[in-house]
Amino acid sequence: MKVAARIKSTVNRIQPGKVFKYSDLGVSRNEYGAAAKTLSRLVKEKTVKRLSTGVFYRPKATAFGELGPSESEQLRPYLFNGRKRIAYITGAALFNQLSLTTQVPKDIDLAGTAKKPVSKIGNIKVRFVKSYADVNSKNYNLLGILDVLKNFKDIPDLNEESAINRIKAIIAELTDREKKDLLKYALAYPPRARAFLGALLESMKIEQKEALVTLKESLNPLSSYSVGAVQDILPNSKNWYIE
């Protein structure tokens, strides 16, 4: 079967509203030129629509008109490479997802090891920021927790006590292995995030004493760290040099 016919057959099997890239079409790199021409023809025929450079979808016809992909589906090509997770949502969108703020951001930040320029995905403006560790399906939620701690005092419309209780509840649901990994990844984060995590885990009486000692030894006892108005909520915050 010729490349064009094979691509058309593959595209026709893709569920309407699902986003796809060249890598999802089973074409080799030396077939990308033929694939680009085929997809351009399909776009002109309105069988396929272009979401952004190299990203396409099949529109879904409904009684109320044509529907495009959902926001989460639009972001999928940037969060995964095939089935492998390579990035995660961070920043204001993450804070909103975790119910730490009621503000809904216009733009979305994605964290991953590959720093990319600002991109427009449909109506969504996406900024790419560097993650503090290689991202995978097992650690992205842990990195998200650490991002929250790092940026805690900058979260808009924040109720510190409710937010801390929410973060504690999220951490309490982690497995022992995940809690250990959380402490490991924290060592790559700025000291204010390490100090905040240490104070939180100590207040929760988490049984990771050796890891907590390592975390505290990573801090400079002559420094102080500003994480927001948490002193009354975490009475042990001074033990972690939080001002």
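Me: How many salt bridges does a search of the whole structure find?
Reply: Seven. A salt bridge here is a side-chain nitrogen of Lys or Arg within 4 Å of a carboxyl oxygen of Asp or Glu.

Me: What kind of model is this, and how are residues numbered?
Reply: It is a predicted model: local features need pLDDT of at least 70, side-chain atom pairs count only at pLDDT 80 or more, and totals for chains, interfaces and linings use all residues. Residues are numbered from 1 along each chain as its sequence is written, and side-chain values use heavy atoms, with hydrogens and water left out.

Me: OK. Which residue does E31 form a salt bridge with?
Reply: R6. The closest N and O atoms are 2.7 Å apart. This pair links distant parts of the chain, 25 residues apart. E31 sits in the loop between β1 (19-21) and α2 (32-44), and R6 in helix α1 (residues 3-13). Helices (H or I, at least four residues) and strands (E, at least two) are DSSP runs, numbered from the N terminus.

Me: Is E31 buried or exposed?
Reply: Buried, at 19% relative accessible area. R6 is partly exposed, at 26%. Buried means under 20% relative accessible area, exposed over 50%, partly exposed in between (1.4 Å probe, protein chains only).

Me: What about D109, where does its salt bridge go?
Reply: To R127, with 2.8 Å between the closest N and O atoms. D109 is in strand β9 (residues 107-112) and R127 in strand β11, 18 residues apart. D109 is buried at 15%. R127 is partly exposed at 33%.

Me: And K184 with D181, where do they lie?
Reply: Both are in helix α7 (residues 176-186), three residues apart, about one turn of the helix. K184 is partly exposed at 47%, while D181 is buried at 16%.

Me: Which residues do shared partners join into one network?
Reply: D107, D109 and R127, through salt bridges.

Me: Switching to the sheet. What is the strand order?
Reply: β8-β9-β11-β10, an open sheet of four strands with mixed pairing. Two strands pair if DSSP finds at least two bridges between them.

Me: Which are the edge strands?
Reply: β8 (87-90) and β10 (119-121), each pairing on one side only.

Me: In what sense do β10 and β11 pair, parallel or antiparallel?
Reply: Antiparallel, over three bridges, with β11 covering residues 124-130. S119 stands opposite V126 in β11.
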